Amino acid sequence: MTGRVRVWIVPVDVPPDTAARCREVLDDGERARAAALLSPRDEQRFTVAHGALRMLAGLELKTRPAVLAWTPGRHGKPELAPPWSWLHTSLSHSGDMIAAAISAGRPVGVDIQHLVPGLGPAGLSARFFPPDEAGYVAAGRDASARADRFAHLWARKEAVIKAAGGLLWPNLKIAVHGRCVVRCAEPRVSHRVADLVAPAGYRAAVAVTGAAPFAMTATYWPGAVPALAS
């Protein structure tokens, strides 16, 4: 099985005209959810994230973004409603960045993580990750390197879990370091995972259901390319 995945990496701080475009394509429910958020920053993040995903999916489907509809799937993961249900979508945000992904035919998960050295990544890894991955994080040369390793692994795990539509906590023990194909603990399905080139200070990954390779394009939207981290 082959596949095709498209990813947009989007800053929360888009130009005002882009933010207005994102707001215009939201449905009534999304506008209400955005307006209910207490922080203007959270409202901006929600609006840009959901608007960008709608526009990305609309481009693929050759359909007006505003008419698309999602329904809750297993464990609440949103799925496009018929007649668009063959296209799979995923959304993530952390810090000041958003990641939106679409996949034709195969469930997809995307995750972006902001590096936060002060979180105590070694302790968190020892609690949630397999021993070898916890050791890999703890062996980072300084706090910044340990935060980078932790965010790298966490993004890969979350991408797989989102593709699977599973719950976070039962699956954090799955081993993802240095692997292209991983198997969820629940549901027990294989997924292929790949790292994304992310803005400096972030780590990101994308995963699709099934062990077969997939083709991927990643774009910085609406066009400005930030400093990148390998």
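Q: Which strands does helix 3 (residues 40-61) lie across, and at about what angle does helix 3 run to strand 1?

A: Helix 3 lies across strand 1, strand 4 and strand 5, and its direction is at about 150° to that of strand 1. Helices (H or I, at least four residues) and strands (E, at least two) are DSSP runs numbered from the N terminus, contact means heavy atoms within 4.5 Å, and angles run from 0 to 180 degrees between N-to-C directions, with axes fitted to C-alpha atoms, for helices over the stretch in contact. This is a predicted model, in which local features need pLDDT of at least 70 and side-chain atom pairs count only at pLDDT 80 or more, while totals for chains, interfaces and linings use all residues. Residues are numbered from 1 along each chain as its sequence is written, and side-chain values use heavy atoms, with hydrogens and water left out.

Q: What is the order of the strands in the open sheet with mixed pairing?

A: Strands of a sheet pair through backbone hydrogen bonds, either parallel or antiparallel. Here the order is 4-5-1-11, an open sheet of four strands with mixed pairing, where two strands pair if DSSP finds at least two bridges between them. Strand 4 (87-94) and strand 11 (215-220) are the edge strands, and because each has a single partner strand, one side of each is left without a neighbour in the sheet. From one strand to the next, the twist averages 15°. Strand 1 (residues 4-11) runs antiparallel to strand 5 (residues 97-104), the two being joined by seven bridges, and Trp-8 has Ala-100 as its bridge partner in strand 5.

Q: Which residues touch the most other members of the largest nonpolar core?

A: In soluble globular proteins, nonpolar side chains tend to be buried together. A nonpolar core is a set of buried Ala, Val, Leu, Ile, Met, Phe, Trp, Tyr and Cys residues joined through side-chain atoms within 4.5 Å, with buried meaning under 20% relative accessible area, exposed over 50% and partly exposed in between (1.4 Å probe, protein chains only). The largest core has 22 residues, of which Trp-8, Val-10 and Trp-221 touch the most other members. Strand 1, helix 1 (16-25), helix 3 and strand 5 are the elements that give two or more residues to this core, and helix 3 gives the most, with eight residues. A second, separate core of 19 residues includes Phe-128, Ile-174, Val-182 and Ala-207.

Q: What order do the strands take in the open sheet whose pairing is antiparallel?

A: Four strands stand in the order 6-10-8-7. Strand 6 (108-114) and strand 7 are at the edges with a single partner strand each, so one side of each has no neighbour in the sheet. The twist averages 30° from one strand to the next. Strand 7 (residues 181-183) pairs with strand 8 (residues 190-196) in the antiparallel sense over three bridges, and six residues lie between these strands in a hairpin. Within this pairing Val-182 is opposite His-191, and Val-181 has Arg-192 as its bridge partner. Five bridges join strand 8 to strand 10 (residues 202-209), again in antiparallel fashion, with Ala-194 opposite Val-206. Helix 6 lies across strand 6, strand 7, strand 8 and strand 10, at about 155° to strand 6.
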